[in-house]
Amino acid sequence: MRKFKIVMIGLASIAMLSLSSCKWKPSEEQIKTLEETKAAALSAEKTLAEKKAERQEWEKKVAAKKAELQKLQNDKQNVENFQKAAE
Amino acid sequence: MKMRITLIVSLFLSLLLANVVLAQQSYNYEEMTQEQYNALLAEWQKRLDAAKKGIAEEEAKIEQLKKEYDNLQAQIDQTWNEIFTLAGQNKEQYDAYNSKLSQLRDDARAFLNLSPEEIYSKSNELDSLQAKLDKCKQNPFSAMSGPSALINEIQSLIDQAKEKAKTAVPPTYTVMKGDYLWKIAGKDDIYGNPHAWWRIYTSNLDQIKNPDLIYPNQVLAIPRAIGPNEHLVQKGEFLSKIAGYPNVYGDSFKWQKLYEANKSFITDPNLIYPYQVLKIAR
């Protein structure tokens, strides 16, 4: 009986040791890969946000130029009418 | 003792270093399974690819917008040239025209800040401002929205100044039985000073031939301000002194011109009185 107990304890210890030592763990290289991919993604997302803001800025500039051109074309028409009336 | 302190400091620095190293890692890799690792890597790779794609798209849009902007600018420049050709003027003349309008607006604003009496006394300058604005209205650039808005603003300011000056236009007094100029001038709501009868007389020369003779129901002007081309005689003044004022003739030898313009009530050029209102002939 005592022998059996000793054997069981021994087996349990071996099992625990083997379980703890066989658990999967990422290697240094894998950790580096994940961290770098994450950093690159975050950086790219930040750049994307900046590009979106830049694009919106350009859209505003283009809209302002369109309005300026429209106003100028009206002005041109008014000057033309003014000159016709003066003649 | 020194050894102890060195040991404590070393221990502290080691802990700090360990924290820094651990903080650089986002995940608890000790507890991570292979499936979790793969899922995380795939997710970050997906986000990276999506962001890269988005950046490329945004850059393409920006390039397109820049081209559109340049194209619009070219059209604007072309339209300006067409306007200058139509107006028969150039950019420098357009800029000068706008500067002139801005100056007129400043002048009109300055006028509006004056008291009604001051505006009334400078009404000839206000008329001159109106004349300058009318001339600006003849320019073809006046048809453009920018200058047109400025012209409307100036016109509004001039109109407001004219309205304001109206409150300083001489009020009137209707002569009652028993009134005489000395008595009227002495009334508190007129000048409160009988000696100012000269002012009533010289301001109503068109209807008072003899200051001793006024009639009931005659409506007399009671000026509150000095009009343009007028001078209110003060104590101690004489014709050559007044003629020498810069706002009169700036030349005391022109006193005769002053005398000629006011001969109807100045019998002796060496004798003028306070409160007489002299006309300044230009």
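**Close-ups of chains A and B**

**View 1. A salt bridge links Glu82(B) to Lys76(A).** The closest N and O atoms of this pair are 2.8 Å apart; a salt bridge here is a side-chain nitrogen of Lys or Arg within 4 Å of a carboxyl oxygen of Asp or Glu. Between chain A and chain B, the count of salt bridges is 6.

This is a predicted model, where local features need pLDDT of at least 70, side-chain atom pairs count only at pLDDT 80 or more, and totals for chains, interfaces and linings use all residues. Residues are numbered from 1 along each chain as its sequence is written, chains are lettered from A and ligands numbered from 1 in the order in which they are written, and side-chain values use heavy atoms, leaving out hydrogens and water.

**View 2. Chain A meets chain B.** Here 40 residues of chain A are in contact (heavy atoms within 4.5 Å) with 46 residues of chain B. About 4200 Å² is buried between them, 71% of it from carbon and sulfur atoms; that's the accessible area (1.4 Å probe) the two parts lose on being put together, summed over both. Trp24(A), Leu34(A) and Lys65(A) supply 16% of what chain A buries against chain B, more than any other three residues.
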